[in-house]
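Please read it alongside the sequence and the coordinates.

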Amino acid sequence: MLEFGQAKMRRLNPDALKGRLLLGNFLPEELEELIQQWGYERYRAIQLLHGYYAERKTDIESITTLPKVFRHRCAATFITLPLQLVSQQRSSDGTTKMLFSLLDGSRIESVLIPREMSQGRSRRTLCVSSQAGCPLGCVFCATASLKLQRNLEAAEIIAQVFAAEQVTGERITNVVFMGMGEPLLNYEAVLRAIRLMTWGKEPLVPLRHITLSTAGIVPAIERLAMEGIPVKLALSLHATTDTLRRQLMPIARRWSLEETLEAMDKYYRATRRPITYEYILFDTLNDTPADLQRLIKIARRVPSKVNIIPFHPIDFTHPQGIGAQLRPTPRQRMEQFVQSLRQAGIPTMVRSSSGVDIAAACGQLALVTI
Ligand code: SF4
């Protein structure tokens, strides 16, 4: 069984960098220190970061507030975009799935989901990956078939935002850590990426627009509660009993449902941010009246909302086994389930199936083109 903190913490192979540094790995204070060692004043580091994060200038030579010689040195030292677009697919609903190659050849996917809101506003949510592959083996998830290749660097997480903006020509407004990987098993890099994305007066993405979704790494949830970075936290719940949750999500054999929920309660008490419970509805497995009552009880522990997620087939990666046998709850029963939650006073959303036709929907990311 995988222990927290013992995930294979493989990092980007230094050979892939060829002596250069990833700008997106540097916290402001670290960059200031480096720049001072070069003999420049600290504020030059801030100017560089402002050009990079606020103005989205991934070509350092175009940050003309910097003196020319300093600019050349930075451009020669730093890699600003440590990934390359390999391919992109656009769904009939506007969702775009992007396949990226990292410097060492590892591959990851990100998904951009555009939404028109009321009063002419629009939201463009990027679902980012935090690991290449994933070690957790949830039976309903296509990414699990890849196993863990390695953890991403903070710079590689941030670069997905830059690259998505360059590919689509539009600003990303929201980021969700729901792509490949379990973000809390890559804790340091994910936290660093969040600190950097939210840095400054004109952040790449505001903190209130960032959601981190976890399968339930209890010590990491408790640690996150104390960081003073109150991101929106979502738990992949998917079952209301230990027995079923352990069948669906092997990580649930490590921490019981009660231990996991207590960690979520602590997170709420420390941050005052309502909890989101993600719940994929599987036909006859977790959609019974008893499940409904247990789910209501869970969602009433602290202010919470429930995201109901229609199950998306993953038979393209799981032709056999439990994953291939899972079936979505029929539409009508799903609507009744949602209605009952709402009647019980639980704020409930139904997550759309954006991108399902290109295998870009929730749980479908597996570097597969369909
Ligand atoms: S659902 Fe998330 S944690 Fe589970 S295998 Fe897929 S990517 Fe990993």
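1. Is P219 buried, partly exposed or exposed? A residue is buried if 20 or more other C-beta atoms, placed from the backbone, lie within 10 Å of its own, exposed if 12 or fewer, and partly exposed in between. P219 has 14 other C-beta atoms within 10 Å, so it is partly exposed. The residue sits in helix α6, residues 218-225. Helices (H or I, at least four residues) and strands (E, at least two) are DSSP runs, numbered from the N terminus. P219 and T260 are 41 residues apart along the chain, yet their C-alpha atoms are separated by 9.3 Å.

2. A word on the basis. This is a predicted model: local features need pLDDT of at least 70, side-chain atom pairs count only at pLDDT 80 or more, and totals for chains, interfaces and linings use all residues. Residues are numbered from 1 along each chain as its sequence is written.

3. Overall form. The chain has 11 helices and 14 strands. Its radius of gyration is 21 Å, close to the 21 Å that the globule rule gives for 370 residues, so the chain is as compact as a globular protein of that length. The radius is taken over C-alpha atoms, and the rule is 2.2 Å times the number of residues to the power 0.38. Along the principal axes, the C-alpha atoms fill a box of roughly 70 × 50 × 45 Å. Of the 370 residues, 45% count as buried.

4. Contact range. Two residues are in contact if their C-beta atoms, placed from the backbone, lie within 7 Å. Take the contacts between residues at least 6 apart in sequence: 68% of them join residues at least 24 apart.

5. Domains. The assignment gives domain 1 (19-79) and domain 2 (83-358). Such bounds come from an automatic or database domain assignment. The C-alpha centres of the two domains lie 33 Å apart. Their contact takes 12 residues from domain 1 and 15 residues from domain 2. On the domain 1 side, helix α2 (residues 43-54) gives the most, with four residues. That side divides into seven nonpolar, four polar and one charged. Here Ala, Val, Leu, Ile, Met, Phe, Trp, Tyr, Cys and Pro count as nonpolar, Asp, Glu, Lys and Arg as charged, and the others, Gly among them, as polar.

6. Core. A nonpolar core is a set of buried Ala, Val, Leu, Ile, Met, Phe, Trp, Tyr and Cys residues joined through C-beta atoms within 7 Å. The largest one has 110 residues. I158, V161, A193, M197, I221 and Y279 have the most contacts inside it. Helix α4 (residues 154-168) gives the most to this core, with nine residues. Domain 1 and domain 2 each supply at least three residues to this core. Not counting residues up to four places away in sequence, A193 touches A154, I157 and I158.

7. Ligand shell. There are 13 residues around the ligand, and C134, L136, C138, C141 and A144 come nearest. A residue is near a molecule if its C-beta atom, placed from the backbone, lies within 6 Å of it. The shell divides into seven nonpolar, five polar and one charged.

8. Backbone points to check. Most residues other than glycine have a negative phi. R56 is not a glycine, yet has a positive phi of about 60°. R56 is in the loop between α2 and α3 (68-77). With 13 C-beta neighbours inside 10 Å, R56 counts as partly exposed. T284 also has a positive phi of about 60° and is not a glycine. The loop between β12 (275-281) and α9 (289-299) holds T284. T284 is exposed, because it has 9 other C-beta atoms within 10 Å.

9. K232 lies in strand β11, residues 232-236. K232 has 18 C-beta neighbours inside 10 Å, so it counts as partly exposed. Leaving aside neighbours within four places in sequence, K232 is in contact with I210, T211, R273 and T276. G94 is found in the loop between β3 (83-90) and β4 (96-102). G94 is partly exposed, with 14 other C-beta atoms within 10 Å.
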